[in-house]
Amino acid sequence: IMSFSNVTKENLMNRVYKVIHRTVTVSSWGMLLVSLVYLFIRWNSLPEPLGVHFSATGEFDLYDDKINAFYPYLVGFGVLIFCELIAWAAGKVKSGLKVNEQGEENLRMAAVLWIDLVKGGITLFFTHWSFCVIHQKPMNTDLVVGIIYAIGIGFLLFLVAAVVTRVRWRRI
């Protein structure tokens, strides 16, 4: 049972941040891994040649050997690894904004949460791509555009958080 008597606003924010970060990380890796297992299960039923790439309208524009069905996973896992390294670095690097320790911590949390948004968006994109390849269905380009908008809006929110942090927690 959790006691709330000694929970400060900063402690609660830190706990929520950690839960969100861990949830997005586990979900992102899990979605791609489950999708990869699904590819292996469906492997023998995939046509040859296989539609593996999409045009701007979501229709297939490239057909190739079915080994290329692994492309979304190769890129997806590569981007996840890159995001993990960037999130790790963001948790260590000082911003240089002349803010106190709490301000630095808030900036690091905001940066990692934005990277988590990127990680989740990339995972949704590549999982959707692989599902479309496995089932030979057109890609939903509205989903892709929505992911791009969400990442962009998240970046703008991160910039707002940086400005607010600079004003609120500046070093005096």
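These are my notebook entries on one chain and a few of its residues.

**Ground rules.** I am working with a predicted model, where local features need pLDDT of at least 70, side-chain atom pairs count only at pLDDT 80 or more, and totals for chains, interfaces and linings use all residues. Residues are numbered from 1 along each chain as its sequence is written, and side-chain values use heavy atoms, with hydrogens and water left out.

**Fold.** I looked up the secondary structure and found four helices and two strands. Helices (H or I, at least four residues) and strands (E, at least two) are DSSP runs, numbered from the N terminus. Along the sequence I read the pattern α-β-β-α-α-α. The chain is more spread out than a compact globule, because its radius of gyration is 20 Å, well over the 16 Å that the globule rule gives for 172 residues. That radius is taken over C-alpha atoms, and the rule is 2.2 Å times the number of residues to the power 0.38. I also noted the span of the C-alpha trace along its principal axes: about 65 × 40 × 25 Å.

**Contacts.** I took contacts between residues at least 6 apart in sequence, and 70% of them join residues at least 24 apart. Contact means heavy atoms within 4.5 Å.

**Surface and burial.** The accessible surface comes to about 10600 Å², and 70% of this belongs to carbon and sulfur atoms. Areas come from the Shrake-Rupley method with a 1.4 Å probe; for residues, only the protein chains shown count as cover. Of the 172 residues, 34% count as buried. My cut-offs are under 20% relative accessible area for buried, over 50% for exposed, and partly exposed in between (1.4 Å probe, protein chains only).

**Cysteines.** How many disulfides does the structure hold? I found zero. A disulfide is a covalent bond between the sulfur atoms of two cysteines. The test is a pair of cysteine sulfur atoms within 2.5 Å. I checked burial too. Cysteine 83 is buried, with a relative accessible area of 6%. Cysteine 132 is buried as well, at 2%.

**Arginine 22.** I placed this residue in helix α1, residues 9-42. Is arginine 22 buried or exposed? Arginine 22 counts as exposed because its relative accessibility is 57%. Its C-alpha atom is 9.3 Å from that of aspartate 116, which is 94 residues away along the chain.

**Alanine 150.** I found alanine 150 in helix α4, residues 141-168. Its relative accessibility is 34%, so alanine 150 counts as partly exposed. The C-alpha atoms of alanine 150 and glycine 120 are separated by 10 Å, with the two residues 30 apart along the chain.
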